[in-house]
Amino acid sequence: MFSSLFIVSILTALSSVAAKGPAAVNLRTAGNFAILAKTGVSTVPPSVITGSVAVSPISATGLTGFSLTVDPSGQSSTSIQVVGKLFAASYAAPTPSTLTTAISDMGTAFTDATGRANPNFSNLANGAIGGLTLAPGLYKWTSPVSIGSDVTISGGATDTWIFQVTGTLTVAAGKKMVLKGGALAKNIVWVTTGSVTVASGSHIEGVVLGKTAITLQTGATANSRLLSQTFVALQKATVTN
Ligand SMILES: *[C@@H]1O[C@H](CO)[C@@H](O)[C@H](O)[C@H]1NC(C)=O
């Protein structure tokens, strides 16, 4: 009696009604980049980045350790460490204006994410969240957050998380964020007023909106976008979005 399309429509409607967590943070054009930073992106080779990398307003001198080859167009460059293109404010048009917009969009997204009110969880575990399982919602800490053992982010594919951190976010060496139940990194936002340090061999999931530096130490991996208002430093790291 019912067409399968009809049933799929009903199920889709039900699952979207059932989605838990805050409204998504709109990254606008900042979401076109795996790594976006204002003052630089450095790598200690070999890192592996899947996606585009960009710096603005700093020039291409802000891209260090990549052994860049500038494209004939002058609009972008390539590196053996990047599956994608690299861009800088000093490249040929239209790159500078594209990047100015992306940096502005990153600022808008940061302001949106930090401005969300009425958290579901305030100062959970005083910021020491290793070992916890984190359900969808808005989380706010008025302190730094540290992850000293594996943390699980559990929810469905349409559920959302925003983690507001006042100060630094630190993941200890060899520890990881684990997704469960179909949770997707694109629906997870870490917004921090301080620096983010992902120590050696550790792993993070989600979009990072950092007011300051984001550092992935030796062998760290990220299923992420790293969007920093200062710089991103990679040490033999892997970033995939
Ligand atoms: C989170 O808080 C908001 C606003 O108070 C509320 O509408 C929502 O149901 C809460 N979500 C969860 C998962 O508790």
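Is Phe121 buried, partly exposed or exposed, and what is the relative accessible area? Phe121 is partly exposed, at a relative accessible area of 29%. Buried means under 20% relative accessible area, exposed means over 50%, and partly exposed lies in between (1.4 Å probe, protein chains only).

The model is predicted: local features need pLDDT of at least 70, side-chain atom pairs count only at pLDDT 80 or more, and totals for chains, interfaces and linings use all residues. Residues are numbered from 1 along each chain as its sequence is written, and side-chain values use heavy atoms, with hydrogens and water left out.

Six aromatic pairs are found in a search of the whole structure. Rings of Phe, Tyr and Trp (its six-membered ring) pair if their centres lie within 6.5 Å; planes under 30 degrees apart count as stacked, over 60 as edge-to-face and the rest as tilted. Phe121 and Tyr139 are stacked, with 4.4 Å centre to centre and 15 degrees between the planes. This pair links strand β10 (residues 121-122) to strand β12 (residues 137-141), and the two residues are 18 residues apart. Strands (E, at least two residues) and helices (H or I, at least four) are DSSP runs, numbered from the N terminus. Tyr139 is buried, with a relative accessible area of 1%. The rings of Tyr139 and Phe163 have centres 4.8 Å apart and planes at 45 degrees, so this pair is tilted. Phe163 lies in strand β15 (residues 161-165), 24 residues from Tyr139. Phe163 is buried, as is Tyr139. Ring pairs join Phe121, Tyr139, Trp141, Phe163 and Trp190 in a cluster.

An open sheet holds seven strands in the order β5-β2-β23-β21-β19-β16-β13, with parallel pairing. Strands β5 (63-64) and β13 (145-147) stand at the edges; each has a single partner strand, so one side of each lacks a neighbour in the sheet. Two strands pair if DSSP finds at least two bridges between them. Three bridges join β13 to the parallel strand β16 (residues 169-171). Val171 in β16 is the bridge partner of Ile147.

The whole structure also holds three salt bridges, each defined as a side-chain nitrogen of Lys or Arg within 4 Å of a carboxyl oxygen of Asp or Glu. In one, the closest N and O atoms of Lys85 and Asp71 are 2.9 Å apart. Lys85 is partly exposed at 34%; Asp71 is buried at 13%. Asp112 and Arg116 meet at 2.7 Å, N to O. Lys176 and Asp150 have their closest N and O atoms 3.0 Å apart. Lys176 lies in the loop between β16 and β17 (177-180) and Asp150 in the loop between β13 and β14 (151-154), so the pair ties together parts 26 residues apart in sequence.
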